Amino acid sequence: MASAKRAVIAFDLYGTLLSTESIADELAKVYGGDKAQSLAALWRRYQLEYTWRINSMGEYRTFSEITRSALGHAVAEHGLVLAADDAETLMHAYDALHVFPEIPAAVQLLQKDREVIDAYVFSNGTDDMIGNSIRTSPELGPHADIFRAFITVDSLKCFKPNPRTYAHLVEQAGKRGNPADVWVVSANPFDIVGARAAGLSAAFIDRPGKGWIDRLDEVHTPSLVARGVDQAIQSILDSSLLP
């Protein structure tokens, strides 16, 4: 259970620690380099869209199933065919995404300050997806023990930004009744808004440097904006930003 004096930080995985755009390298082997980037972007778009749709419908399929279906949608939209063998290869590759450039520095920071940080991975992914992704990452795998736990939404049968997912995170982090003590670090605006709506603190990772431009409302905005995960960790550790 987290100590009251420790910083509790939960890191989103896909799009925050791991680059979903890096799957383009594998897509290029199947469909050619000219279509790879577009396919990667569409795959991610429909992956997220499907989670939001199914949340609204009150139904559930695992993130792995949704990811596979989103791949089929992206390929079909390009007028291409997804062979069964290629689908298996690409899904396997999704468990080996590359990290963003600043993640090794972020890992070093978590290691250096592990006495004052309780770090978690908080993801829509299944236990298997998260475990495989962390283990196969050269940058994350050797240092997986910096994370106290991998917290998934699979047992809840819903996805972010459903408020139950953030309540689950708070509970698992040992902060029931004190959601503001838990930081969500994410490059996904919907995740930031969801966390803030649920009363958590949130650091938005703004790699493009455009600032916070989400316009759902003017209330559920980030607690802080950082250009990278490493910068976000350092900012959270600043005594003036600890809840």
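Colleague: How much space lies in the second largest cavity?
Modeller: About 40 Å³. A cavity is a set of points on a 1 Å grid over the protein atoms alone where a 1.4 Å probe fits but cannot get out. The points are joined across faces, edges and corners, and the volume is the space filled by probe spheres set on them.
Modeller: Keep in mind that this is a predicted model, where local features need pLDDT of at least 70, side-chain atom pairs count only at pLDDT 80 or more, and totals for chains, interfaces and linings use all residues. Residues are numbered from 1 along each chain as its sequence is written, and side-chain values use heavy atoms, with hydrogens and water left out.
Colleague: Okay, and which residues line the second largest cavity?
Modeller: Phe11, Leu17, Ile103, Ala106, Val107, Leu110, Leu140, Ile146, Phe147 and Val229. Lining residues have an atom within 4 Å of a point. By class that's 10 nonpolar, no polar and no charged residues. Ala, Val, Leu, Ile, Met, Phe, Trp, Tyr, Cys and Pro count as nonpolar, Asp, Glu, Lys and Arg as charged, and the others, Gly among them, as polar.
Colleague: Which helix gives the largest share of that lining?
Modeller: Helix α5, residues 103–112, with 4 residues. Helices here are DSSP runs (H or I, at least four residues), strands are E runs of at least two, and both are numbered from the N terminus.
Colleague: How do the axes of α5 and α9 cross?
Modeller: At roughly 30°, and they come within 7 Å. Helix α9 covers residues 229–237. The two are therefore roughly parallel, a label for angles under 35 degrees.
Colleague: Which residues make the contact?
Modeller: On α5, Ile103, Ala105, Ala106, Leu109 and Leu110; on α9, Val229, Asp230, Ile233 and Gln234. Contact means heavy atoms within 4.5 Å. They split into 7 nonpolar, 1 polar and 1 charged.
Colleague: Back to the holes. What's the volume of the largest cavity?
Modeller: About 60 Å³. Its lining includes Asp12, Arg44 and Lys160, and divides into 4 nonpolar, 3 polar and 3 charged residues.
Colleague: And the largest pocket, how many residues line that?
Modeller: 24, with Gly15, Glu21, Ala187, Asn188 and Pro208 nearest its centre. A pocket is an open set of points with protein on both sides within 12 Å along at least five of seven lines. The volume of this pocket is about 550 Å³.
Colleague: Which element gives the most to the pocket lining?
Modeller: α2, with 6 residues.

Methods. Axes fitted to C-alpha atoms, helices over the stretch in contact; angles between N-to-C directions. Parallel < 35°, antiparallel > 145°, perpendicular 65-115°, else oblique.
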